[in-house]
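Thanks for asking me to look this one over.

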Amino acid sequence: MGAIIAIVNNKGGVGKTTLAVNLAHALANRAKKVLIVDNDAQCNASSLLVEHDVVSDSIYELYENNETPIDRCVYPTAYDGLSIIPNSEETAALEISLNREIPKSYLRLRDRIRDYSKENFDFTFIDTPPNWGYFVLAALHAADCVIVPILCSSRFSMEGLTRALALIEGVRERENPDLRLLRLIVNNVDRRTAISRVVTDKLRRLFDENLLFKTSIPTNTQFSQAEMEGKSIIRFSPRSVGAKYYRSLATEFLEIFEPGAS
């Protein structure tokens with residue numbers, strides 16, 4: 001059955017959406033059926049993968065009521081094998097009412113997407129907002145495992161990591177026994193700088209190798225250029241360093257779930 005992976009970090013700018021879109025496309029290129037759930041009302045993944053004017057139902061409907069069939073909220077993208085449940089800015093307004101129904105409402109996303117995504121997709125990635133609010137916790141209740149991206153170019157990038165791990169463990173103990181940390185991924189690596197070496201070395205000391213992706217993602221201006229064009233790095237510049245590393249990450253990712261298959 002398909003795996004559901006939440007991508008979380010309470011800091012903005014660490015590359016959650018970039019990771020979700022590019023890893024998903026790399027996996028789709030390996031003949032996997034992949035779904036992205038845009039659970040962030042900033043709608044960054046949605047803007048990259050689906051035209052706004054073609055979206056009628058979105059994740060807003062999934063949170064707001066139980067009547068909208070989920071397949072009406074799933075849209076194809078320009079990439080074969082990759083689909084998305086987009087978001088809308090209006091979803092942010094639901095947080096107040098959803099918070100009134102905690103803890104029951106934490107299961108809203110799980111109840112709406114889990115069976116469907118496992119039956120129809122090999123992998124589902126949930127992109128989340130940069131905080132520890134309701135929508136992040138809903139994602140953790142719906143997921144099987146979590147990827148936490150760490151920004152390598154800032155000495156403050158590891159702040160909140162302990163909190164993230166404690167949050168994952170707390171959800172696992174209370175509501176979602178399936179949940180586990182899949183891996184940390186080191187992002188925006190520039191090995192010419194001291195801070196990149198310090199952060200990378202510290203992570204390698206603190207965490208077992210089976211909790212860190214061996215593949216790290218280098219600094220590359222073409223990621224920003226690709227996003228400006230509304231494309232994945234593999235579509236925008238298939239021969240680029242960034243595309244090469246995401247293909248490598250997809251290989252490592254598949255080896256975790258399908259040992260020997262890659």
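Predicted model: local features only at pLDDT ≥ 70, side-chain atom pairs only at ≥ 80, totals over all residues.

1. Let me begin with Cys43, which is buried at a relative accessible area of 11%. Cys43 sits in the loop between S2 and helix H2 (44-49).

2. Is Ala31 buried or exposed? Ala31 counts as exposed, at 67% relative accessibility. As background, most residues other than glycine have a negative phi, and most peptide bonds are trans.

3. While you are checking the backbone, look at the peptide bond from Ile102 to Pro103: this bond is cis, with omega near 10 degrees. Pro103 is in the loop between helix H4 (95-100) and H5.

4. The largest nonpolar core has 47 residues. Those with the most contacts inside this core are Tyr63, Ile85, Ile113, Ile126, Leu140, Val148 and Leu203. Helix H6 (residues 134-142) gives the most to this core, contributing eight residues. Another core, of 39 residues, lies apart from it and includes Leu19, Phe125, Tyr246 and Leu249.

5. In general, an α-helix has 3.6 residues a turn, so residues three or four places apart point the same way.

6. On to charges: the count comes to eight salt bridges. One of them joins the side chains of Glu258 and Lys32, at 3.0 Å from N to O. Glu258 lies in the segment after helix H11 (241-257) and Lys32 in the loop between helix H1 (16-28) and strand S2 (34-38), so this pair ties together parts that are 226 residues apart in sequence. Glu258 is partly exposed, with a relative accessible area of 25%, whereas Lys32 is buried, at 17%.

7. Asp144 forms a salt bridge with Arg114, and the closest N and O atoms are 2.7 Å apart. This pair links distant parts of the chain, with Asp144 in the loop between H6 and strand S6 (145-151) and Arg114 in helix H5 (residues 108-120), 30 residues apart. The side chain of Asp144 also meets that of Lys118 in a salt bridge of 2.9 Å, N to O. Because Asp144 lies in the loop between H6 and S6 and Lys118 in helix H5, this second pair ties together parts that are 26 residues apart in sequence.

8. How exposed are these charged partners? Asp144 counts as buried at 12% relative accessibility, Arg114 counts as buried at 10%, and Lys118 is buried at 14%. A network of salt bridges links Arg110, Arg114, Lys118, Asp144 and Asp178. Leaving out residues up to four places away in sequence, Arg114 touches Ile4, Leu109, Ala142, Ala143, Asp144 and Asp178.

Note on methods:
Residues numbered from 1 in each chain as written. Heavy atoms only, no water. Core = buried A, V, L, I, M, F, W, Y, C linked by side-chain atoms within 4.5 Å. Buried < 20%, exposed > 50% of the residue type's maximum accessible area, 1.4 Å probe, protein only. Helix = DSSP H or I, 4+ residues; strand = E, 2+ residues; numbered from the N terminus. Salt bridge = Lys/Arg side-chain N within 4 Å of Asp/Glu carboxyl O. Contact = heavy atoms within 4.5 Å.
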